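Here are a few exercises to work through with the model open beside you. Try each task before you read its solution.

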Amino acid sequence: MAAAQSAGTPRIRRLSSMDASRGDLISGPTVLVPPKQLMATLGDANETAMSFERAKMHLEEATTSSEEVTPRSSSPVNAAQQAAPTDQYAFAFDIDGVLIRGGKPIPAAVEAMKVLNGENPYGIKVPYIFLTNGGGKTEEERCIDLSKQLEIEVSTGQFICGHTPMREMAERYQTVLVVGGEGEKCREVAEGYGFKDVVTPGDIIKAKQDVTPFRKLTEDEWKNSRDRDFSKIKIDAIFVFADSRDWAGDQQIILDLLMSKNGQLGTRSETFDEGPPVYFSHNDIVWSTSHEHVRIGMGALRASLETLFKAVSGKELKTTAFGKPQLGTFSFATRLLQQWRKDVYGIDKPPQTVYFVGDTPESDIQGTNAFNDSELSDCNWYSILVKTGVYQDGTIPRFPPKKCVQDVLEAVRFGMQREFVRAMKEKVSGDADEEEKKAAEAALEDEADIDD
Ligand SMILES: [Mg+2]
């Protein structure tokens, strides 16, 4: 399964465009997640449990200092809290355009979380994780934000963002350029991942201001950027952690490095194939914000950079993207979910079905469907597309989901009802006693027909 497939020397498969075929996603050497985490055994539970605890501690600090937030754990004991967890199925959610839009929760999202946490007619709780291509903050900070927005506790043990898999690369490269995000955030994230020497575009501009003719550092940027002697520094790899705040300046610096001899600023390669590799934390061309139309994102920067490189050097540039729809990301999610179910609910087996709810056909739906069809998956991954983000009602999604619904609340209700109907049908046709069969038949009559 996933672990067996990923054993051995990590190698990287490169995708040059958003149009990854199913073959691209499945075949060939792909390591897009830390093998250590991908292959996590139950022995790693301590490490995971400790990270839950750390995050929870910080969550408690954060939530007790904010009056707007009422974590469910501190609300009065009610029926929902006593609901038993199901071991049959689970949910995984994309965030932007599904749960959050323009920094605010989509109203259906708060309700959907309540339903999963026991406020439902079936009297159960359903385990869930979050799988976003977004980033730019530490996983812990992002979980604290999400906890406030969704009025629930979100642990790092149930959260994967676009740059989470980059943690694995920390040991491979000595000095790296980290691009994107606000202020010094991404440098902090990279250092937290264990990268030893992290350079930012600000450090480079501070050392030589005519590197970017039209970009001047602000006072804060000047203060935060580090004094470095780039004549003695070799950049081994470039990581775009989060969306660039200055495309022109960042692309100029990346291009300089790509055209250099071995990542040494100020040099020029004669062959233009001696530059460092470039990694992007995901490849979404567009994403959903508070604006009425989708906005361009990191995948657009990637396309732009590849085109620019071709224009100035005449050579093809191959870059690597992590995140959805890469199958490695879904394998990682499977492991995380397994660990989460075990540590929090004591469930030590894979679910039969994972419902993945997303808004972007090219990443969420393509990835879920391809992972479900691959040999990497040990359960059914069922794709549900919502209409609250990138996908617009009335258009034809390039990658068709198994189910299309209005919003995340409808997605949750659909999945839960589908599971209930399946359980009752099994009971009716199984070896339950007559009384139980009658009860199951009656329950089925009460359920509206579902189309799955
Ligand atoms: Mg999305």
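The exercises below go from model confidence to helix packing and then to the nonpolar cores.

This is a predicted model, in which local features need pLDDT of at least 70, side-chain atom pairs count only at pLDDT 80 or more, and totals for chains, interfaces and linings use all residues. Residues are numbered from 1 along each chain as its sequence is written.

**Exercise 1.** Find out which stretch has a pLDDT below 50.

Solution. Start with the average: pLDDT (the predictor's confidence in each residue, from 0 to 100) averages 85 over the protein, and 81% of the residues score at least 70. Next, look at residues 1–77, where the pLDDT is below 50.

**Exercise 2.** Describe how helix 6 packs on helix 15.

Solution. First take the axes, lines fitted to C-alpha atoms over the stretch in contact, with angles from 0 to 180 degrees between N-to-C directions. Those of helix 6 (residues 107–116) and helix 15 (residues 408–429) come within 7 Å and cross at roughly 25°. Helix 6 is therefore roughly parallel to helix 15 (angles under 35 degrees). Now list the contact residues (C-beta atoms, placed from the backbone, within 7 Å): helix 6 brings Ala108, Ala109, Glu111, Ala112, Val115 and Leu116, and helix 15 brings Val408, Leu409, Val412 and Arg413.

**Exercise 3.** Locate the residues with the most contacts inside the largest nonpolar core.

Solution. This core has 60 residues, and Phe91, Ala92, Phe93, Val357 and Val408 have the most contacts inside it.

Conventions: Two residues are in contact if their C-beta atoms, placed from the backbone, lie within 7 Å. Helices (H or I, at least four residues) and strands (E, at least two) are DSSP runs, numbered from the N terminus. Angles under 35 degrees count as roughly parallel, over 145 as roughly antiparallel, 65 to 115 as roughly perpendicular and the rest as oblique. A nonpolar core is a set of buried Ala, Val, Leu, Ile, Met, Phe, Trp, Tyr and Cys residues joined through C-beta atoms within 7 Å. A residue is buried if 20 or more other C-beta atoms lie within 10 Å of its own, exposed if 12 or fewer, and partly exposed in between; C-beta atoms are placed from the backbone.
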